[in-house]
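Colleague: I would like to learn how to read an annotated site and a domain interface. Could you take me through a case?

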Amino acid sequence: MSLDHLISIRDLEYREALLLLDTAEQMAATQSHRVKKLPTLHGRTVVNLFFEDSTRTRISFETAAKRLSADVINFSAKGSSLSKGESLKDTALTLQAMGADAVVVRHSSSGAAHRLAHAGWMELPVLNAGDGTHQHPTQALLDAMTLRRHYKRDPSSPEVEPLAPGTDLEGARVVIVGDVLHSRVARSNVDLLTLLGAQVTLVAPPTLLPVGIEGWACDVDYDLDHALASEPDAVMMLRVQRERMSAAGGGFFPSPGEYHAAYGLDRQRFEKLAEKTIVMHPGPMNRGLEISAEAADSPRAVVVEQVSNGVSVRMAALYLLLAPEGHSHD
Ligand code: NCD
């Protein structure tokens with residue numbers, strides 16, 4: 001197998017997805033040591049190219065690259081007045097000329113990461129850190145890693161053990177709730193979780209579901225209580241993306257209070273969850289809107305684990321794309 005870029009989960013085969021997850025587990029094992037740094041990418045340079053706001057994803061990629069001993073250059077280019085294609089092209093030429101070895105890119109336009117990788121402007125591996133409403137592959141991988149660790153685990157045991165290499169999510173059931181329309185996290189997760197054998201149900205008001213949802217490999221339910229009654233292994237709450245809604249003129253739901261009542265993981269719903277159900281959220285959370293404080297702060301919320309797993313997954317992705325032996329996996 002050779003991974004040239006990480007642009008979309010749709011580019012991954014089943015065994016490539018598992019290789020990323022198994023490698024992430026190996027990376028995670030090194031992160032419990034007192035000295036967390038590995039020499040693997042010593043002398044290589046990773047550029048974080050962020051055209052859109054990000055806190056945790058940028059810091060996570062930076063941490064991952066540094067834990068592998070790479071040098072990191074952070075380049076935030078929000079709000080460029082150049083046309084998107086031109087600014088991307090010029091930036092690509094500059095990065096290549098500066099001797100970068102890989103580019104992590106976040107952009108508000110769907111397809112920007114693909115363009116950067118495939119337009120022929122540069123030869124560097126590209127890692128997509130979120131492009132518009134399209135894909136966010138490392139987020140889906142960190143979610144799958146988190147699920148893999150919890151699925152089938154005894155909920156009464158505090159131990160979270162990594163599973164055996166090659167374990168997939170066959171038979172797991174995941175409910176993803178909320179602003180699917182604007183969510184690259186939901187898209188990437190439907191692709192990856194179903195590739196790994198899980199069954200996904202999306203729950204949202206009709207106004208927050210994209211056109212063509214019938215073609216996605218998942219179920220759709222408009223009723224959150226109904227979906228939760230099926231006792232899923234995980235419920236993933238999506239952030240209500242108010243910045244994308246106001247850019248589109250608003251009107252996606254009547255009021256925050258009504259949204260919370262119909263689609264929020266409020267205290268009542270949270271208390272009714274099956275014992276095994278874990279609560280996930282990609283962050284940043286809107287407490288009181290899509291998720292209540294009770295749910296967000298409870299021991300069954302794995303939000304902080306998701307963040308830690310994010311570093312391991314990004315270390316795995318950088319390693320497989322950049323370390324010489326990473327190209328020879330078969
Ligand atoms: C997500 C994103 O940016 O797509 N957040 C993240 O990567 N931590 C989800 C979101 O912004 O709601």
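Modeller: We will go through the annotated site, then the domains. Keep in mind that this is a predicted model.

Colleague: Which residues does the "binding site" annotation cover?

Modeller: The unreviewed UniProt entry lists Arg56, Thr57, Arg106, His136, Gln139, Gly283 and Pro284. The lining of the largest pocket takes in Arg56, Thr57, Arg106, His136, Gln139, Gly283 and Pro284 from this set.

Colleague: Is His136 buried or exposed?

Modeller: Buried means under 20% relative accessible area. His136 has 3%, so it is buried. His136 sits in the loop between β4 (126-131) and α5 (137-150). Beyond four places in sequence, its contacts include Thr57, Arg106 and Arg184.

Colleague: And how does Arg56 read, buried or partly exposed?

Modeller: Arg56 has a relative accessible area of 36%, so it counts as partly exposed. Arg56 belongs to helix α2 (residues 56-67). Setting aside neighbours within four places in sequence, Arg56 contacts Pro282, Gly283, Pro284 and Val307.

Colleague: Now the domains. How is the chain divided?

Modeller: Domain 1 spans 5-135 + 308-326, and domain 2 spans 137-302. Their C-alpha centres are 25 Å apart.

Colleague: What area is buried between domain 1 and domain 2?

Modeller: About 2700 Å², with carbon and sulfur atoms giving 60%. On the domain 1 side, Ile9, Leu21 and Glu25 supply 23% of the area buried against domain 2, more than any other three residues. In contact terms, 33 residues of domain 1 meet 30 residues of domain 2.

Colleague: How many salt bridges are there between domain 1 and domain 2?

Modeller: The count is 5.

Note on methods: Residues numbered from 1 in each chain as written. Predicted model: local features only at pLDDT ≥ 70, side-chain atom pairs only at ≥ 80, totals over all residues. Heavy atoms only, no water. UniProt positions renumbered as here; feature names shortened; annotations may be inferred. 1 Å grid on protein atoms, 1.4 Å probe; cavity = no way out; pocket = protein on both sides within 12 Å on 5 of 7 lines; lining within 4 Å. Helix = DSSP H or I, 4+ residues; strand = E, 2+ residues; numbered from the N terminus. Buried < 20%, exposed > 50% of the residue type's maximum accessible area, 1.4 Å probe, protein only. Contact = heavy atoms within 4.5 Å. Domains from an automatic or database assignment. Buried area = accessible area lost by both parts, 1.4 Å probe. Salt bridge = Lys/Arg side-chain N within 4 Å of Asp/Glu carboxyl O.
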